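Me: Hi, I'm new to this one. Can you walk me through it?

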Amino acid sequence: MQSSASPGGNGANQALAARRAGAGVRLAGAIGHDPVGADALALLKDASVDLSLVRAVKHSTGAAHVVVDAVGENSVVALVSSAKICKPGPLQMSCCAIFNRTRFSFL
């Protein structure tokens, strides 16, 4: 059996892919104040993703464990993430700021 771990998540993965493709990217969201969150932020920062609208929260960063069987079928177990408990007010304001200044947005 093989195992690996990498930072990511739907929003972070899309932001990183778009940035690597040459797009200007600003990410809005919440991340836990922990080593997992720090690793994810470092990867995005190294790729020059604008993280000015990402907020650290006191809760842990979420995680998903993907198990792939011998024939390629996968199962995903997700743990509650910091984004799920983010108060909507500041995040909604961040999203409005993004929509007013961008041509493309991923939700």
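Me: Where is valine 68 found?
Reply: Valine 68 sits in strand E3, residues 64-68. Helices (H or I, at least four residues) and strands (E, at least two) are DSSP runs, numbered from the N terminus. Keep in mind that this is a predicted model: local features need pLDDT of at least 70, side-chain atom pairs count only at pLDDT 80 or more, and totals for chains, interfaces and linings use all residues. Residues are numbered from 1 along each chain as its sequence is written, and side-chain values use heavy atoms, with hydrogens and water left out.

Me: Is valine 68 buried or exposed?
Reply: Valine 68 counts as exposed because its relative accessibility is 52%. Buried means under 20% relative accessible area, exposed over 50%, and partly exposed in between (1.4 Å probe, protein chains only).

Me: Which residues make the nonpolar surface patch with it?
Reply: Val66, Val68 and Val76 make a nonpolar surface patch of about 270 Å². Patches are made of residues with over 30% relative accessible area and no salt bridge, with like charges joined within 9 Å and nonpolar side chains (Val, Leu, Ile, Met, Phe, Trp, Tyr) within 5 Å. The areas come from the Shrake-Rupley method with a 1.4 Å probe, and for residues only the protein chains shown count as cover.

Me: Ok, zooming out. What pattern does the chain follow?
Reply: Along the sequence, the protein chain reads α-β-α-β-β-β-α, with 3 helices and 4 strands. Of its 107 residues, 22% are buried.

Me: How many salt bridges does a search of the whole structure find?
Reply: The search finds 1 salt bridge, meaning a side-chain nitrogen of Lys or Arg within 4 Å of a carboxyl oxygen of Asp or Glu. Aspartate 50 pairs with arginine 26, and their closest N and O atoms are 2.9 Å apart. Aspartate 50 is in strand E2 (residues 50-57) and arginine 26 in strand E1 (residues 26-32), so the pair ties together parts 24 residues apart in sequence.

Me: And how accessible are those two?
Reply: Aspartate 50 counts as partly exposed, at 28% relative accessibility. Arginine 26 is partly exposed too, with a relative accessible area of 30%.

Me: How far is arginine 26 from alanine 15?
Reply: Their C-alpha atoms are 7.6 Å apart in space, and alanine 15 and arginine 26 are 11 residues apart in sequence. Alanine 15 lies in helix H1 and counts as buried, at 6% relative accessibility.

Me: New topic: how many cavities of 30 Å³ or more are there?
Reply: The count is 1 cavity of 30 Å³ or more, and the largest cavity has a volume of about 40 Å³. On a 1 Å grid over the protein atoms alone, a cavity is a set of points where a 1.4 Å probe fits but cannot get out, and lining residues have an atom within 4 Å of a point. Grid points are joined across faces, edges and corners, and the volume is the space filled by probe spheres set on the points.

Me: Which helices supply its lining?
Reply: Helix H1 (10-20) and helix H2 (35-46) each supply at least two residues of the lining of the largest cavity. Lining residues include Leu16, Leu43 and Leu44.

Me: What about serine 48?
Reply: Serine 48 has a positive phi of about 65° although it is not a glycine. Serine 48 is in the loop between H2 and E2 and counts as partly exposed, at 49% relative accessibility.

Methods
On a 1 Å grid over the protein atoms alone, a cavity is a set of points where a 1.4 Å probe fits but cannot get out, and a pocket is an open set with protein on both sides within 12 Å along at least five of seven lines; lining residues have an atom within 4 Å of a point.
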